[in-house]
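Hello,

Here is the structure I promised to pass on to you. Have a look at it first, and then read my notes below.

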Amino acid sequence: MTVVAAQFNIRDMTDRDLDAVCRIETESFSDPWHRGAFEEDLRSRHTYCPVIAEPTGSIVGYACLMLFAEEAHLTNIAVDPAWRHKGIGISLMEHLLSKAEKDGCRAMFLDVRSSNSGAQRFYLKQGFTELYWRKMYYRNPPEDAIVMVRPLAGKDSDG
Ligand SMILES: CC(C)(COP(=O)(O)OP(=O)(O)OC[C@H]1O[C@@H](n2cnc3c(N)ncnc32)[C@H](O)[C@@H]1OP(=O)(O)O)[C@@H](O)C(=O)NCCC(=O)NCCS
């Protein structure tokens with residue numbers, strides 16, 4: 001089932017969101033980011049962190065995107081387990097792709113655990129392709145990373 005994305009609100013993450021974000025993070029990853037990592041991203045001028053909230057205001061997903069000149073790096077994305085497979089991830093990703101293109105980025109990169117086939121399929125559906133593997137990049141448990149990339153138009157190349 002796909003939810004009506006228009007009913008959901010995507011806005012900037014703030015410190016007040018971190019209890020909800022950290023709960024989803026802990027329920028989503030075997031080696032979750034600690035709160036300080038999100039706090040650091042919120043204060044970095046290179047990082048864009050949106051949350052997506054249901055009409056009541058409850059947060060159902062979030063992402064962290066690093067923007068450096070013509071490159072965007074997706075460093076985190078998760079949807080509340082209770083809200084998965086409803087199109088929330090796609091809404092968030094479309095928002096991130098649009099933001100990166102508006103900022104002039106030519107490509108978005110990310111890495112994903114080699115065992116995380118669900119997320120890989122999600123990224124493939126969004127136009128990402130496999131670039132290369134990073135051997136034993138992750139811990140808890142140790143595991144290879146697959147680096148994926150998606151080309152972007154950038155703000156001045158659509159004419
Ligand atoms: C990956 C994630 C963000 C996707 O969010 P989501 O809201 O469930 O995704 P959507 O409902 O928008 O899915 C869009 C499409 O992606 C694909 N997809 C998403 N999750 C999938 C899964 N577990 N297995 C296979 N395909 C999947 C499907 O093709 C789906 O379309 P469909 O429902 O019409 O078949 C979510 O599963 C999640 O938070 N996972 C845990 C954290 C994580 O692994 N993050 C990525 C780290 S690299």
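Helices (H or I, at least four residues) and strands (E, at least two) are DSSP runs, numbered from the N terminus. This is a predicted model, in which local features need pLDDT of at least 70 and side-chain atom pairs count only at pLDDT 80 or more, while totals for chains, interfaces and linings use all residues. Residue numbers start from 1 along each chain as its sequence is written.

Let's start with aspartate 111, which sits in strand 6 (residues 107-113). Aspartate 111 counts as partly exposed because it has 19 C-beta neighbours inside 10 Å. Leaving out residues up to four places away in sequence, aspartate 111 touches Arg134, Tyr137, Ala145, Ile146 and Val147 (contact means C-beta atoms, placed from the backbone, within 7 Å).

Next, the strands. Two of them pair if DSSP finds at least two bridges between them. Strand 1 (residues 9-12) runs antiparallel to strand 3 (residues 50-53), and four bridges join them. Strands 3 and 4 form a hairpin with five residues between them. In its turn, glycine 57 has a positive phi of about 105°.

Enjoy exploring!

Conventions: Buried ≥ 20, exposed ≤ 12 C-beta atoms within 10 Å, placed from the backbone. Contact = placed C-beta atoms within 7 Å.
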